[in-house]
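Hi there,

Here is the structure I promised to pass on. Have a look at it first, and my notes follow below.

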Amino acid sequence: MLTAQSNWLRAINYYQASAFAFDIADKRQQGAIEAMRACARRYISHLTPAGEVVEIPWLEGHTFEGYFLPAPAIGRSPAVICMGDPGHRKEEYLFKVARYARERGMSLLAVDLFGSDARAKFEDVVGRPDLETSISCVMDYLTTRDDIDEHRIGILGDGAGSSFVARGVALDNRFAAAVCDGGIWDMQEQAFLMDRLPSGNSGNAGTDGVRFGRKFRCPILITLGAEGWLESDHATNLFERLKVDQPDVSLRIFEGSETASAQGHSDNPTLANEFIFDWMADRLKLAMN
């Protein structure tokens with residue numbers, strides 16, 4: 001069974017990678033996605049304790065689908081929500097981060113924005129102005145479970161386009177900790193627009209004038225690779241502006257000398273994930289006291 005679980009996880013990764021090679025209209029892409037989802041269900045159903053496929057209602061009749069992986073220990077456990085940008089599928093969290101949560105005694109809920117329809121596409125969800133409202137809906141679901149400590153729930157917002165996670169966390173005071181971009185992407189967009197306003201109309205233009213505009217009520221961790229899309233000096237500048245209004249925000253930049261420095265820490269995700277989940281476990285433990 002251990003070998004089968006390992007092979008299912010590997011197959012999820014392979015099927016996901018193969019789906020990118022096909023055009024959206026190509027039936028082979030749909031076949032790869034359906035095979036990936038089938039492997040995910042086999043994997044979670046053979047865990048001990050077994051995982052669940054769950055449905056979470058959102059707006060306008062849209063329903064999220066998630067994989068809930070309970071912590072090994074019996075009783076109310078801390079939990080981590082993993083949710084990426086509109087292009088991320090929840091299946092990837094099973095091979096990327098599930099073991100880090102499990103090893104630290106945390107339940108994990110992996111959710112994506114595609115819903116329960118395997119045929120859903122990126123275009124169906126990207127650009128929606130209400131994406132941040134999804135965060136509270138996922139939190140609502142977890143607080144109904146009798147195996148979750150509602151005071152020890154954190155969230156990991158994965159991907160460069162997951163600023164909606166930061167906005168959602170700022171709107172919901174029930175989170176005990178969050179790993180996300182902290183609104184830096186929103187601040188970067190704001191600075192970009194301000195720099196392009198006509199001279200004399202920009203006011204306090206540039207990075208010095210940007211603000212996230214929302215208040216976090218839980219500890220926030222931002223992790224970046226020094227060789228990613230945002231230069232370290234610029235990221236630090238935005239972070240310092242963010243910290244003026246958000247004192248409990250931390251920034252961790254992984255340098256090239258230590259690896260995990262590529263965009264999304266793709267060159268060494270293990271190093272980044274160990275740091276992230278150690279930080280998350282510490283914060284959720286503090287929330288218990």
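**What I found**

His265 sits in the loop between E8 and H9. Please keep in mind that this is a predicted model. At His265 the phi angle is positive, about 55°, although the residue is not a glycine. With a relative accessibility of 8%, His265 counts as buried, because the cut-off for that is under 20%. The loop between E8 and H9 also holds Ala260. Ala260 is not a glycine either, yet its phi is positive at about 60°. Ala260 is buried too, with a relative accessible area of 0%.

Now for the overall picture. The protein chain has nine helices and eight strands. Of its 289 residues, 50% are buried. If you take the contacts between residues at least 6 apart in sequence, 72% of them join residues at least 24 apart.

How far can you trust the model? The average pLDDT of the protein chain is 87, and 88% of the residues score at least 70. Confidence is highest in E4, at 97, and lowest in helix H7 (residues 184-195), where the mean is 77.

**The sheet**

The eight strands make an open sheet with mixed pairing, and their order is E1-E2-E4-E3-E5-E6-E7-E8. Strand E1 (52-57) and strand E8 (249-254) each have a single partner strand, so these two stand at the edges and one side of each has no neighbour in the sheet. From one strand to the next, the twist averages 20°.

What does E4 pair with on either hand? E3 (residues 77-84) and E4 (residues 107-111) run parallel and are joined by five bridges, while E2 and E4 pair in the antiparallel sense over four bridges. As a reminder, strands of a sheet pair through backbone hydrogen bonds, either parallel or antiparallel. Phe68, for its part, has Leu109 of E4 as its bridge partner.

Is E4 buried or exposed? Five of its five residues are buried, so E4 is largely enclosed by the rest of the structure. Both of its faces are covered, with Ser107, Leu109 and Val111 buried on one side and Leu108 and Ala110 buried on the other.

**Helices on the sheet**

Helix H8 (residues 232-245) lies across strand E7 (220-225) and E8, and runs at about 175° to E8. Helix H9 (residues 269-288) packs on the sheet as well, where it touches E3, strand E5 (148-158), strand E6 (177-179), E7 and E8. The direction of H9 makes about 155° with that of E5.

Helix H2 (residues 27-45) has 19 residues, which at 1.5 Å a residue should span 27 Å; its end C-alpha atoms are 27 Å apart, so the two agree. Among the buried residues of H2 are Ile33, Met36, Arg37, Tyr43 and Ile44. Their cover includes helix H1 (2-19), E1, strand E2 (63-69) and helix H3 (92-96).

In helix H1 you will find Gln16. Gln16 counts as buried, at 15% relative accessibility. Setting aside neighbours within four places in sequence, Gln16 is in contact with Met36, Glu92 and Phe95.

One more detail to check is in the loop between H2 and E1, where Pro49 is placed. Thr48 and Pro49 are joined by a cis peptide bond, with omega at about -5°.

**The nonpolar cores**

The largest nonpolar core has 46 residues, and Met83, Leu109, Leu142, Val169, Phe175 and Ile220 have the most contacts inside it. Helix H5 (residues 133-143) gives the largest share of this core, with six residues. Which residues does Phe175 contact, leaving aside its neighbours within four places in sequence? They are Ile81, Ile135, Met139, Ile153, Gly154, Ile155, Val169 and Cys218. Another core, of 19 residues, lies apart from the largest one and includes Cys82, Val179, Phe277 and Met280.

Enjoy exploring, and send any questions my way.

Best wishes

Key. Residues are numbered from 1 along each chain as its sequence is written. This is a predicted model: local features need pLDDT of at least 70, side-chain atom pairs count only at pLDDT 80 or more; totals for chains, interfaces and linings use all residues. Side-chain values use heavy atoms; hydrogens and water are left out. Two strands pair if DSSP finds at least two bridges between them. Axes are lines fitted to C-alpha atoms, for helices over the stretch in contact, and angles run from 0 to 180 degrees between N-to-C directions. Contact means heavy atoms within 4.5 Å. The expected span of a helix is 1.5 Å times one less than its number of residues. Buried means under 20% relative accessible area, exposed over 50%, partly exposed in between (1.4 Å probe, protein chains only). A nonpolar core is a set of buried Ala, Val, Leu, Ile, Met, Phe, Trp, Tyr and Cys residues joined through side-chain atoms within 4.5 Å. pLDDT is the predictor's confidence in each residue, from 0 to 100.
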